[in-house]
Amino acid sequence: MNITTKLEMNNGKEIYQFGLGVWRGGEETKNSVLAALKAGYRHIDTAAAYKNEEAVGEAIRESGIAREELFITTKLWNQDMRDHKVKEAFELSLKKLGLDYVDLYLIHWPVKGEYINSYKVMEKLYESSKTKAIGVSNFKVHQLKDLLENTDIVPAINQMEFNPQMQDNEILNMCTEKGIILEAWSPLGSGACLEDEALKVIASKHNKSVAQVIIRCLLQKGIVVFPKSVHENRIKENSNVFDFELTFEEIELINNMNKNLRTGPDPDTFNF
Ligand code: NAD
């Protein structure tokens, strides 16, 4: 396993298992993407709602890296679903990124009464090859079941909050069973998992940081992970996870840390 290890999605296309998240990257986004690309990252996770697609696009262009070497994800925002402006929102994201296509387009949140119709428009975008894969984010079992029953294309990805204190194994198992890759958002619990004493013990055994242990654990579980940092040293640190291996027992220990404790909203009750 290394920084450009890929997983095959259910449509035959590949996704890098490791990448950079840019939520709340703010004005630092461009530099953080450039630092990540320099460190060997090739996968960037953004969203229309992060308001930094332009900065991501600028960094991509400035890096000089060939487009086909990169994997770029963006996401459809809730209000665009409510306004029935899926195609327009997608085109605007492409324009802001300065790209002809994205590698993955996701529904950001399962807006009740809207996500089926929105996804049907995304199926058309996928057929036009302007996005190489489509998927969802924040879909619990009942929402994913509903989507699968009412649409044609099985999502390639479901992106969920997943970290040591928040492990929804019901959705992980359903995704595995349906051939949908799980992506972990807030893999470090937005920082909340980094002071855990048991994780510190594992980290010191491997001469690694807690962040590195968590990232490595998710990778060994076959989950896609894109920790966020805007600091070059942490960007490098977070990618320095390919020279050690956690034991089965250590992964079991981390599996048992689940508290079903979210740092973000519950997909059943969010209201934005
Ligand atoms: P994260 O779990 O990756 O944690 C990031 C925070 O942890 C940083 O802001 C920093 O404070 C700290 N950190 C990072 N590396 C560190 C290190 N090596 N040492 C010490 N501290 C470190 O947080 P996140 O940004 O919430 O999640 C990652 C990405 O997931 C986002 O950037 C975004 O791309 C995606 N995301 C998606 C959704 C969604 O609804 N689909 C929601 C939240 C996040």
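In helix α8, which spans residues 197–206, the residues L199, I202 and A203 are buried, where buried means under 20% relative accessible area, exposed means over 50%, and partly exposed lies in between (1.4 Å probe, protein chains only). Because these three cover an arc of only 100 degrees around the axis, they lie on the same side of α8, the arc being that of the directions from the helix axis to the C-beta atoms. On the other side of α8, E197, S204 and K205 are exposed. The buried residues of α8 pack against α9 and α11, with contact taken as heavy atoms within 4.5 Å. Helices (H or I, at least four residues) and strands (E, at least two) are DSSP runs, numbered from the N terminus.

The model is predicted, so that local features need pLDDT of at least 70 and side-chain atom pairs count only at pLDDT 80 or more, while totals for chains, interfaces and linings use all residues. Residues are numbered from 1 along each chain as its sequence is written, and side-chain values use heavy atoms, with hydrogens and water left out.

Rolling a probe the size of a water molecule over the atoms shows where empty space is left. On a 1 Å grid over the protein atoms alone, a cavity is a set of points where a 1.4 Å probe fits but cannot get out, whereas a pocket is an open set with protein on both sides within 12 Å along at least five of seven lines; lining residues have an atom within 4 Å of a point. Grid points are joined across faces, edges and corners, and a volume is the space filled by probe spheres set on the points.

One cavity of 30 Å³ or more was counted, and the largest cavity has a volume of about 40 Å³. Its lining includes F162, P164, I214 and K221, and divides into six nonpolar, three polar and one charged residue. Here Ala, Val, Leu, Ile, Met, Phe, Trp, Tyr, Cys and Pro count as nonpolar, Asp, Glu, Lys and Arg as charged, and the others, Gly among them, as polar. Helices α9 (210–220) and α11 (248–255) each supply at least two residues of this lining, and α9 gives the most, with three residues.

The largest pocket has a volume of about 790 Å³. Of the 36 residues that line this pocket, W23, R24, S186, S190 and K228 are the closest to its centre. By class, the pocket lining has 17 nonpolar, 14 polar and five charged residues, and its largest share, three residues, comes from α10.
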